[in-house]
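Please look over the structure shown here before reading on.

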Amino acid sequence: MRSSHLFMILAFARKELFHILHDPRTLAIIFIMPVMQLIMFGYALNMEIQNVDIAVVDMSHSPLSREIVREFRGSRFFTVREYTGELSGLDALFKKRQARVVLLIPADLDVQFRHQPFVPLQFLIDASDANAATLIRNYCNQVVMNFNQSHNRQLRLPFRVSSNILFNPDMKSTYFFVPGLIALLLIMLSALLTSISITREKETGTLEQILVSPVRPAHIVLGKVLPYVVMGILIGSLILLIGFVLFQIPFRGSMVLLFLLTLLYILTALSMGILISTVAQTQQVAMMIAQMATMLPTLFLSGFIFPISSMPVVLQYLSYLVPARYYLLIVRGIILKGSALHHLLFPALVLAGMSVLLLLISVRKFRMTLEG
Amino acid sequence: MDTYAVLTEKLSRHFGDFVAVDGVTLRVSTGEVFGFLGPNGAGKTTLIRMLCGLLKPTSGRATVGGYDVYRESERIKQHIGYMSQRFSLYGDLTVQENIDFYGGIYGLSRERVQRKREELLSTLHLGRYRNLLTRDLPLGFKQRLALGCAMLHEPPILFLDEPTSGVDPAARRAFWEVIHATARQGTTIFVTTHFMEEAEYCHRVAIMNFGKVVALDSPGSLKTRYQKSTMQEVFVAILQQEGANSEFREEPA
């Protein structure tokens, strides 16, 4: 009797596998779609700013002013161009997006430099993108500060801040985003795959034939999850691989550990999909629920883009329900910090607990009759 | 212990205000081919679904193979085969994959599935098409294959819900030959149909209208009683008489 349970689960798993294999077009889409998304978002979601167009209005034409301009040219953040037109034309410069910042150097720079304690330099910054404007202002300050320090040896400042940026010394935002994207793509795809698997059988009527057989809900649920775990692992490896190769993310931790914990995350996502599948009556509804339940929470509540600690308290509590929150701890920890399993026990256990709970609820919710 | 394969007593099923099955009492003996006739919406499918455990009865009593439909539906499932009007095969799986799956969900061992599969393929002359996708089979073959899949675990009781709908007359005749061969081996067959000439193939028929059984006997006795030469005429006569009796009944939505 015990072996017949196994036969039933395996019968389902095999059947699901055949469904997948007989539909190579869908299979191709399933594999290509997340790769495309990863490449697209990976390059688009870039918070670093480089080659900012700066227009310099040098009214002084002195050795000193040229030295200031040289300081800007030396920085990789700026692309410097001299502006010699009318001052009234500066507005058009911003509107045509030929400059995002304008530096105005007064005509009497030399005179002021010799007789005044401070020389005003004016920066006009395009703040239509507020985040970029803040960064540009910081860069400008930095350049001017460097200039000040190299030209005033007597200047005594009480503190000199020196910070060491750990784990991501270049502050590359791809290191931050690519793991998040992996978390997002894996959960969306995995939940989608299983969410339509039972509803499809409700729609075609084959579920009726299954319900009159002695299979139990647990056989169906496990049998349906099993083949997708295999697929999830393949897709997961592909996404991780492309993420590392394409975005040159350093890998400091254990590959095996990341693989195993990714498997756990995929299992959680598949279990979510199965639960949706047992409740929804049509594939369309199932797909919509799956998308809503995975995309928005993962984007906004997992710490993918917005830090959890700066969220309203209610949302912080809600974020505990989002599997990606835990997976992000795992994936960022392993690849950037080289965390080991004992550092990641908490998120790993939560994901395991979530999977078991979701599967149990699915089995409980599964109706063995055709009652509404 | 009763010796009846299927036994119902005042079995009813309501859907809200609509009474789909209204106090049906039946006794189907082991090895009998029992036909269930009636126009669409008469309640045949609802009755069969209650007996298979797919729907819960609203009231009444029923046993299948001696097991109670309320309490022992899991045991019933081991003893019945069921084939629905929709021939529940997976169109995107091959003939062989379909057979293997249905064998598997009944917990049959690999060897047993294999043996039953080869048997089935050779009786259906489908051996050459084992790797063909089921959706590419002609309807008659699909129907025979669906029946075969429903019988892989050799159930003593077989429920067939309009198994011949949409199939051409020659394939229907072939199908009934299979059913009779199966019944001769002691399998009880409970079949619904709306083809009246198929009633002739049954040992006994129940005619259902508006959820009630309005006539129940062998085709021969029914023809004698109503003095008609075919079941088609018997059926029309009964429905006319019934229609007159039930003119105050509301049409089901």
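A:Gln248 counts as exposed, because 11 C-beta neighbours lie inside 10 Å. The scale behind that word is simple: a residue is buried if 20 or more other C-beta atoms lie within 10 Å of its own, exposed if 12 or fewer, and partly exposed in between, with C-beta atoms placed from the backbone. A:Gln248 sits in the loop between α9 and α10 of chain A. Such labels rest on DSSP runs numbered from the N terminus, where helices are H or I of at least four residues and strands are E of at least two. A:Gln248 also has a positive phi of about 50 degrees although it is not a glycine. Most residues other than glycine have a negative phi.

The model is predicted: local features need pLDDT of at least 70, side-chain atom pairs count only at pLDDT 80 or more, and totals for chains, interfaces and linings use all residues. Residues are numbered from 1 along each chain as its sequence is written, while chains are lettered from A and ligands numbered from 1 in the order in which they are written.

B:Gln227 has a positive phi of about 50 degrees and is not a glycine. The loop between α7 (219–226) and α8 (231–245) of chain B holds B:Gln227. With 9 other C-beta atoms within 10 Å, B:Gln227 is exposed.

Back in chain A, A:Ser62 is partly exposed, having 17 other C-beta atoms within 10 Å. A:Ser62 belongs to the loop between β1 (52–58) and α3 (63–73) of chain A. Which residues does A:Ser62 touch, leaving aside its neighbours within four places in sequence? A:Ser62 is in contact with A:Leu109 and A:Asp110, where contact means that the C-beta atoms of two residues, placed from the backbone, lie within 7 Å. A:Ala107 is 45 residues from A:Ser62 in sequence, and their C-alpha atoms are 8.9 Å apart.

Now take chain A as a whole. Chain A has 14 helices and four strands. Its radius of gyration is 29 Å, well over the 21 Å that the globule rule gives for 372 residues, so chain A is more spread out than a compact globule. This radius is taken over C-alpha atoms, and the globule rule is 2.2 Å times the number of residues to the power 0.38. Along the principal axes, the C-alpha atoms of chain A fill a box of roughly 100 × 45 × 40 Å. Of the 372 residues of chain A, 35% count as buried.

One helix of chain A shows how burial can be arranged. The 21 residues of α14(A) should span 30 Å at 1.5 Å a residue, and its end C-alpha atoms are 30 Å apart, which agrees. The expected span is 1.5 Å times one less than the number of residues in the helix. Among the buried residues of α14(A) are A:Pro347, A:Leu351, A:Met354 and A:Leu358. The face turned away from the buried side carries exposed residues, including A:Phe346 and A:Arg364.

Chain B has eight helices and ten strands. Its radius of gyration is 19 Å, close to the 18 Å that the globule rule gives for 253 residues, so chain B is as compact as a globular protein of that length. Of the 253 residues of chain B, 46% count as buried. Helix α3 (residues 95–105) of chain B is mostly covered, with eleven of its eleven residues buried. B:Gly107 follows α3(B) and has a positive phi, near 75 degrees.

Where the chains meet, the contact takes 23 residues from chain A and 25 residues from chain B. On the side of chain A that touches chain B, α1 (2–21) and α8 (206–211) of chain A each supply at least two residues. α1(A) gives the most to that side, with eight residues.

The predictor gives the complex an ipTM of 0.87 and a pTM of 0.80. Chain A averages a pLDDT of 87, and chain B averages 88, where pLDDT is the predictor's confidence in each residue, from 0 to 100.
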